[in-house]
Amino acid sequence: MIVKTACPLDCWDACSMLAEVEDGAIRRLSGDPNHPVTQGFICNKGSRLKDRRDHPDRIVHPLKKVEGQWQPVSWDEALDEIAGLVREVLDRHGHHAILHAYDWGSGTVLKNLNQRFFYLLGGCSETVGSLCWDAGIEAQRYDFGQARSHAPNDLCNARGIVVWGRNASVTNIHLIPFLKRALKDGARLAVVNPLPIELGERAELVVAPRPGSDALLALGVLKLCKAQGWVDEAFVQQWSIGWPELSAYLDELSLDDVVSGTDVPLSQLNALAAFYGCQKPVSTILGLGMQRYPGGGNAIRAIDALAAATGHVGVPGGGVQYANRQMTEFLNEEAIANRSAANVRTFSRGQQASEIRSANPPVELMFVTRTNPAVQVPDTARLVEAYRSIRSIVAIDQFMTKTAELADYFLPCTNVLEEEDFVFSTMWHPYVTYIHPVLPPRGEAKPDWWIFAELADRLGFGSEMRRPLDAWMEAVLEPLKPYGVTLDTLKERGTIRLPLPDVPWQDRQFATPSGKFEFVSARAQAEGHSAHAVYIPPQEIGRGRHPYALLTIHPRVSENSQHRLAPNLPHIPSLDVPPAVAEQTGVQHGGLARLFNDRAELIVRVQIREGGHPRAVKLESGWWGQGITVNHFTSVRSADLGDQTAQYDCAVSLEPVVDAEGLAR
Ligand SMILES: Nc1nc2c(c(=O)[nH]1)N[C@H]1C(S)=C(S)[C@@H](COP(=O)(O)OP(=O)(O)OC[C@H]3O[C@@H](n4cnc5c(=O)[nH]c(N)nc54)[C@H](O)[C@@H]3O)O[C@H]1N2
Ligand SMILES: Nc1nc2c(c(=O)[nH]1)N[C@H]1C(S)=C(S)[C@@H](COP(=O)(O)OP(=O)(O)OC[C@H]3O[C@@H](n4cnc5c(=O)[nH]c(N)nc54)[C@H](O)[C@@H]3O)O[C@H]1N2
Ligand code: SF4
Ligand SMILES: [Mo]
């Protein structure tokens with residue numbers, strides 16, 4: 001039997017998957033050949049959802065910590081006790097003393113019922129802001145009015161493609177077939193990234209700027225375009241505001257400063273300017289890494305300005321693809337989350353450690369769902385300290401994560417292969433896929449919605465949490481009714497396309513206050529930012545006594561920390577270093593080295609790579625071992641726009657580990 005399901009991981013691709021079931025077990029999990037983006041293949045994180053379901057370390061019975069030790073407990077006992085705790089905290093300290101810490105570890109629609117539970121308490125404290133993408137989302141809100149992406153197949157209309165800070169062969173593998181097709185049809189490729197990426201091999205131009213300097217790079221390139229007369233005057237005159245102000249700012253910018261501040265030679269700046277200025281259309285494909293810096297939002301604004309001024313916005317084959325927020329017009333998640341009615345106190349996901357420590361009323365009870373902050377949040381040591389100050393913690397997860405280890409109750413939730421739901425991507429393409437349950441839950445694992453409905457029963461509002469799953473899903477799909485799409489259509493077809501245009505802004509009706517593309521944004525200014533894109537340098541990289549930039553980028557074989565099952569973690573992780581760093585420090589390929597800064601130290605295995613920026617070293621995130629996580633190195637620092645962490649602004653030192661004879665090992 002073949003059952004159609006979908007991948008719930010926080011990823012650009014939102015794949016449709018087929019599960020082959022035989023004798024009550026999944027024989028194979030594969031990509032759906034009929035899905036326009038999945039096209040018959042999935043990545044190893046997707047196929048390993050099956051391993052995660054069946055893994056012997058998965059916890060499938062509720063647990064309670066008694067005198068520091070986990071003990072089995074029945075669902076009834078655990079839920080009665082937790083409901084009792086909720087009632088007691090509500091009575092004594094009010095709803096703000098209950099914190100719901102959540103993120104997008106599973107991005108399916110029914111997970112909104114988790115939030116609904118807390119809002120129905122009258123309110124709660126919850127984590128907001130982003131470890132992920134918020135500075136860029138805000139940047140595009142200022143410039144375009146909303147972050148929108150072109151349909152994947154529109155890439156075939158591009159003459160030039162710039163992959164700017166996206167590690168697509170690792171993080172967004174279904175982009176690659178579209179890209180290859182475009183290149184085969186004659187499109188040219190440029191890559192901008194301080195680390196070498198696979199796509200660099202296909203590119204005719206590879207630029208490796210100093211980490212955190214993209215705003216300066218894009219503004220410098222735009223200055224060169226202007227000097228060459230490559231600005232699209234018709235677009236600028238008719239469809240934008242603020243070009244004269246930005247243009248005057250570019251006049252003041254010194255090219256020497258651009259070269260010395262980005263470490264990109266003038267010849268490459270000119271080549272990138274010609275790439276944007278001498279061909280049309282150019283599609284710019286942005287990643288999220290470059291906005292995890294103090295000037296990250298402005299970096300996205302500067303690239304938006306470069307692409308818009310050179311005439312690549314609102315045209316087939318153009319665009320600045322960062323995310324796709326337009327789908328929220330067609331999928332009403334608020335209909336089931338019901339946040340607006342609730343009195344919510346917010347803690348920033350990045351700043352939560354200090355906010356929890358100084359909260360009034362203090363946090364007495366915390367629920368953790370769909371996140372593993374003790375690995376993924378910057379400055380982990382401080383975060384763990386803050387969590388330890390909370391009286392009771394309830395973790396809902398599938399594995400005993402670093403965060404769950406801090407909890408008092410562990411409630412085991414289902415894996416997607418045991419759930420009914422649907423999923424869509426807010427990052428890229430316009431397809432929605434239905435998730436049919438493939439197998440029954442293992443052991444006593446339960447869906448998140450069941451856990452919260454049971455708690456609500458005990459607290460007297462069960463009827464508000466208990467509706468047929470179809471009713472919840474229909475409520476989310478309601479805005480699609482005028483387009484003839486209902487839950488039945490979705491179930492029947494398996495995958496539907498949202499009615500989004502292939503080419504955003506082709507009608508030139510921007511969603512900004514002026515209705516135009518805004519090189520200068522009064523909204524940005526009113527919200528305390530520069531009206532136009534400016535360069536804000538990193539605060540840690542290039543300053544102080546640690547000479548190298550540590551980029552803790554997303555891991556190849558894991559979704560954040562999710563596939564890092566403890567027994568499979570390498571005790572000694574690999575650190576990627578350029579030859580210049582090896583020369584300066586004496587570390588050797590394959591040898592051990594000590595990586596350190598003022599917050600952490602770690603023994604790493606050195607791998608010398610070719611290419612990239614000469615001071616950028618790479619360690620994959622999602623890792624823990626030797627008593628720490630990658631985020632013990634990073635600091636709590638904010639990006640310029642939105643509520644976004646700047647964890648890539650991280651400076652480190654490196655030295656070889658030597659044996660008794662003083663030889664490098
Ligand atoms: N395999 C895998 N895929 C994933 C994930 C995963 O964990 N593993 N996670 C998913 C999630 S949650 C997300 S948010 C996305 C992220 O997807 P991406 O944005 O592609 O990945 P990141 O690892 O965040 O960083 C992207 C790239 O930014 C580059 N970079 C870092 N600093 C700079 C800079 O200053 N300038 C420029 N130009 N580039 C810079 C890095 O070298 C890296 O190649 O991937 C999703 N897909
Ligand atoms: N240094 C550094 N730090 C980073 C990043 C980086 O690049 N470098 N990237 C940042 C980014 S982009 C992101 S998105 C965040 C991700 O941060 P998190 O979302 O905290 O990361 P995950 O490791 O995906 O953790 C998700 C957890 O949810 C659990 N889970 C999965 N499905 C379900 C479910 O259905 N219900 C419940 N209750 N739990 C479930 C998983 O088992 C896992 O423990 O990390 C950020 N942190
Ligand atoms: S992680 Fe992304 S690419 Fe991999 S199967 Fe899931 S949606 Fe597809
Ligand atoms: Mo993310």
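The report that follows walks through rings, charges, a ligand site, a helix and some backbone details.

This is a predicted model, in which local features need pLDDT of at least 70 and side-chain atom pairs count only at pLDDT 80 or more, while totals for chains, interfaces and linings use all residues. Residues are numbered from 1 along each chain as its sequence is written, chains are lettered from A and ligands numbered from 1 in the order in which they are written, and side-chain values use heavy atoms, with hydrogens and water left out.

**Aromatic rings**

Let us start with the rings. Two rings of Phe, Tyr or Trp (its six-membered ring) form a pair if their centres lie within 6.5 Å; planes under 30 degrees apart count as stacked, over 60 as edge-to-face and the rest as tilted. The structure holds 20 such aromatic pairs. In one of them, F144 and F510 are tilted, with 6.4 Å from centre to centre and 40 degrees between the planes. This pair links distant parts of the chain, since its members are 366 residues apart. F144 belongs to the loop between α5 (134-143) and β8 (160-164), and F510 to the loop between β20 (495-497) and β21 (517-518). The helices (H or I, at least four residues) and strands (E, at least two) named here are DSSP runs, numbered from the N terminus.

Both F144 and F510 are buried. Buried means under 20% relative accessible area, exposed means over 50%, and partly exposed is in between (1.4 Å probe, protein chains only). Ring pairs also join F144 and F510 to F235, W243, W505, F517 and F519 in a cluster.

**Charges over rings**

A charge sits over a ring if NZ of Lys or CZ of Arg is within 6 Å of the ring centre and within 35 degrees of the ring normal. The charged end of K446 is placed like this over the ring of W450, 4.8 Å from its centre. R370 is found in the loop between β15 and α16 (373-376), and it counts as buried because its relative accessibility is 12%. Its phi is near 60 degrees, a positive value in a residue other than glycine.

**The site of ligand 3**

Which residues are around ligand 3? They are C7, L9, C11, D13, A14, C15, I42, C43, K45, G46 and H174, where a residue counts as near if one of its heavy atoms lies within 4 Å of the molecule. By class, this shell has seven nonpolar, two polar and two charged residues. Here Ala, Val, Leu, Ile, Met, Phe, Trp, Tyr, Cys and Pro count as nonpolar, Asp, Glu, Lys and Arg as charged, and the others, Gly among them, as polar.

**An enclosed helix**

Helix α4 covers residues 112-120, and eight of its nine residues are buried, so it is largely enclosed by the rest of the structure. The buried ones are N112, L113, N114, Q115, R116, F117, F118 and Y119. After α4 comes G122, whose phi is positive, near 105 degrees.

**Backbone details**

|---|---|---|
| K280 and P281 | about -5 degrees | between α12 (266-277) and β12 (282-286) |
| N360 and P361 | about 0 degrees | between α15 (352-357) and β15 (365-369) |

D23 has a positive phi of about 50 degrees although it is not a glycine. Is D23 buried or exposed? At 72% relative accessibility, D23 counts as exposed, and it lies in the loop between β2 (16-22) and β3 (25-31).

**Distances along the chain and in space**

Finally, compare sequence with space. A101, in strand β6 (residues 98-102), is buried at 2% relative accessibility. A101 and V206 are 105 residues apart along the chain, and their C-alpha atoms are separated by 40 Å. D408 and I82 are 326 residues apart in sequence, with 10.0 Å between their C-alpha atoms. D408 is partly exposed, with a relative accessible area of 23%, in the loop between β16 (392-397) and β17 (409-412). G586 is in the loop between α23 (579-585) and β24 (592-596). The C-alpha atoms of G586 and E655 are 7.2 Å apart, and 69 residues separate the two along the chain.
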